[in-house]
Amino acid sequence: MQTVRIGAGQGFYGDSVDGALDVARRGGVQYICFDALAELTLAILQKDRFRDPAAGFARDLPAFMRALLPICRERGIRLITNAGGINPVAAAAAVRAVARELGMDDLRVAVVVGDDITSRVDELRAAGAALANLDTGESLDAVRSRIVFGVAYLGCAPVVQALSLGADVVITGRVADASLFVAPMVHELGWALDDWDRLAAGVVLGHLMECSAQSTGGNFSGDWWNVPDLDRAGYPVCEMRQDGTALLTKPAETGGRVSFDTVKEQLLYEVLDPRAYLNPDVVADFTTVQLRDASPDVVEISGVRGRARPESLKAILGYLDGYAGTIAIGYSWPDAVQKARRSAELIARMVERSGLQPLETVTELVGVDSTHGSAAPVPDDPNEVVLRISARFATEAEAKRFPRIATPLGLNGPPFIGGGVAPQGARALLGVWPSLLPRSLVEPGVEVSVEEAVAV
Amino acid sequence: MSVRIALRDVAQARSGDKGDLANVAVFAPTDALYAAFLRELTAERVRAHFGRFVRGAVDRYEVPNVRALNFVLHQALDGGAARSLRSDPLGKSYGSLILRLEIEVSDEELAGVEVGRRAPR
């Protein structure tokens, strides 16, 4: 039966290139797909583009390409990445520049555009897309004036088109994570774009691979202490068969573990209704997925069922939501908890006298309640506690001033500080607004172009 | 006979974020214990357990093919990771938070389950 082997090269913006190199060297793959975009990443890239209109793509993309192109070129491995972020055209230009440096003048780089709706918000609303909040139903009017970016999640079709045009590297913006992986399956195995069960199988595999080692032993909640060599965790590699069954594994001589228990955790990661996992290409039913330990570090995936793709595309908009200032002070034993609490009371009074107007405040005792809140028992007399107070302000100036008001507590407050009270910088806060868009308002504007590193 | 056990001693869990929503999946090791999870782990219990972290509703979904319950927590990430003031903006630790829950199970439901594996001290 016809198969295609695909590897995962990246799970987030900032990931190491070592996992992708192991996949290229020892994964036996034809394609490597890179998911560089999370909701938070789009917010970060927007900040970059705000400062420099030529920015807005993952800054480490050229470094990834410099490391990977020589071996991938030699072995005919094609690369697909959404690291184009909110500026895929500039990203593709940067990749072509790297190719020229490496003497690969005929490297074919494709770029997919049309997902960016930042400048189209009013036009889309006039055309009948309300862009109400998908979670709360709230009208976009609440945040319209503060919107700084918007993207629609595209499916696999434009990437499939780029592969048909002979692209060696495909650069996209917000193509849905899993659809990056579905594209080479469709291209190689000839799946129809309404073959819902096979597409759903592709989405399941893509979903299992998009977060690098989270399906191969990373973040594993079982006997994590027995998982070997996570310093060199093997990134996922799949062998997808024409019939929609697949094997999931990792390259030889890498760390990590691929088993029913490691894979099942990732199956439900960031999933809402498992019977209806929404992707631009298909609605996948994750309750039909059968996982089976086939051999050591190989899991077989079968049985996946899907239904017709959603009528609408998901879109997310980012809006400015003030600035955060943060105070952190460490207290040592004895009575670290009591000292931190007293310090929090003192800071509250100092804030009141300062005239600062926090819109909201979160107070945490790191070491006591920052991760589990009220469900965690307060330890009797811990060795140390970090008081962390983060507050949101309307202005950046207030957010910068906030941590400074606490610095006198280094000398004037409760005793035995560890870690100091050096003020940290302010952080711009971005709200994420999930919404839906009719396909007819997005898909006609999606364009694919392929250019060689040195234009012919 | 029934015994009280902490999920930490028998279950796996993982959490993830989607805007201001968090999901928390909790996995049972056997079919019999999964039946106990279905009985004991209600959306209401989970909502109460998460306390002030969750300002919206909690939905529960059954995923029998991997013996899991998937809880979707609404308005649970302080507005979402990019605007959260918390030190765990993505709710990565919610998976461990659910493992603090304790449930009543029968001896039959516990049969064949390894209870209380721990990292070497």
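**View 1. Domain 1 and domain 2 of chain A in the predicted model.** The domain assignment, automatic or taken from a database, divides chain A into domain 1 (3-115 + 153-310) and domain 2 (320-433). Between the C-alpha centres of domain 1 and domain 2 of chain A lie 39 Å. Residues are numbered from 1 along each chain as its sequence is written, and chains are lettered from A in the order in which they are written. In this predicted model, local features need pLDDT of at least 70 and side-chain atom pairs count only at pLDDT 80 or more, whereas totals for chains, interfaces and linings use all residues.

**View 2. The contact of chain A with chain B.** Chain A contributes 46 residues and chain B 42 residues; residues are in contact if their C-beta atoms, placed from the backbone, lie within 7 Å. Elements of chain A that each supply at least two residues include helix 2 (39-51), helix 9 (260-267) and strand 14 (312-332). Helices (H or I, at least four residues) and strands (E, at least two) are DSSP runs, numbered from the N terminus. Strand 18 of chain A gives the most to this side, with 5 residues.

**View 3. The packing of helix 7 and helix 8 of chain A.** Helix 7 (residues 177-189) and helix 8 (residues 196-209) of chain A pack at about 125°, with their axes 7 Å apart. Axes are lines fitted to C-alpha atoms over the stretch in contact, and angles run from 0 to 180 degrees between N-to-C directions. Among the residues making the contact are A:Phe181 and A:Met185 of helix 7 and A:Leu199 and A:Val203 of helix 8.

How values were computed. Two residues are in contact if their C-beta atoms, placed from the backbone, lie within 7 Å.
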